[in-house]
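Please keep the sequence and the model in view while reading.

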Amino acid sequence: MSRIGKMPVAIPAGVQIDVSDTNLVTVKGKLGQLSQQVDPAIAVKVDGGNLVVERVNETQDARAKHGLYRSLLANMVKGVSEGFTIVQELVGVGFKASSTDNLLELALGYSHNIFIEMPAEVSVETVTERGKNPIITLKSHDKQLLGQVAAKIRSLRKPEPYKGKGIKFLGEEIKKKAGKSASDK
């Protein structure tokens, strides 16, 4: 039995969940609306103030997807009620970040600045303080899209293991390697 799959998802006040006949689950809340097509091997029910995810049969495929769909639906409920936030830090001399509306401009040591247009569901803020690393804050109600955008930003300059320069998540520890050592000759 899936430990995660059998836990019910509490539905907070102000969140509406609609399950169609074709297993399309739509979640509406104060921050937006999300939809997820659920596999026919999984049954989704709204029971009182909880969302319950159950298996229709005991095949290996249904057992494998039970916890997956419960987690996806729980993330949708949390997203439309509270939202998600990812904070990234630019570590490196001369690295800069600025944002206007949904356009993020990054100076990452290349010969040109990089412009990234954010999806409409993702909002971006940048903070630059003197003597501190620039901070990029991404907010959205869609956890999957938010993670994808954060990964795209990080891929522009991944943290390198010798000096630790690059774009990292706030609080992330970068394992540093020792550089070359001089020989005794």
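Is Val93 buried or exposed? Val93 is exposed, with a relative accessible area of 83%, where buried means under 20%, exposed over 50% and partly exposed in between, for a 1.4 Å probe and protein chains only. Val93 lies in the loop between β7 (84-91) and β8 (96-100), and its C-alpha atom is separated by 8.9 Å from that of Leu108, 15 residues apart along the chain.

This is a predicted model, in which local features need pLDDT of at least 70 and side-chain atom pairs count only at pLDDT 80 or more, while totals for chains, interfaces and linings use all residues. Residues are numbered from 1 along each chain as its sequence is written, and side-chain values use heavy atoms, with hydrogens and water left out.

In an open sheet, 3 strands follow the order β8-β9-β10 with antiparallel pairing; two strands pair if DSSP finds at least two bridges between them, and strands are DSSP runs (E, at least two residues) numbered from the N terminus. Because β8 and β10 each have a single partner strand, they stand at the edges, and one side of each is left without a neighbour in the sheet. The strands β9 and β10 are joined by 4 bridges, and Leu103 has Glu117 in β10 as its bridge partner.

| Strand | Residues |
|---|---|
| β9 | residues 103-107 |
| β10 | residues 114-117 |

Among the side chains, the charged end of Arg157 sits over the ring of Tyr110, 4.3 Å from its centre; this requires NZ of Lys or CZ of Arg within 6 Å of the ring centre and within 35 degrees of the ring normal.
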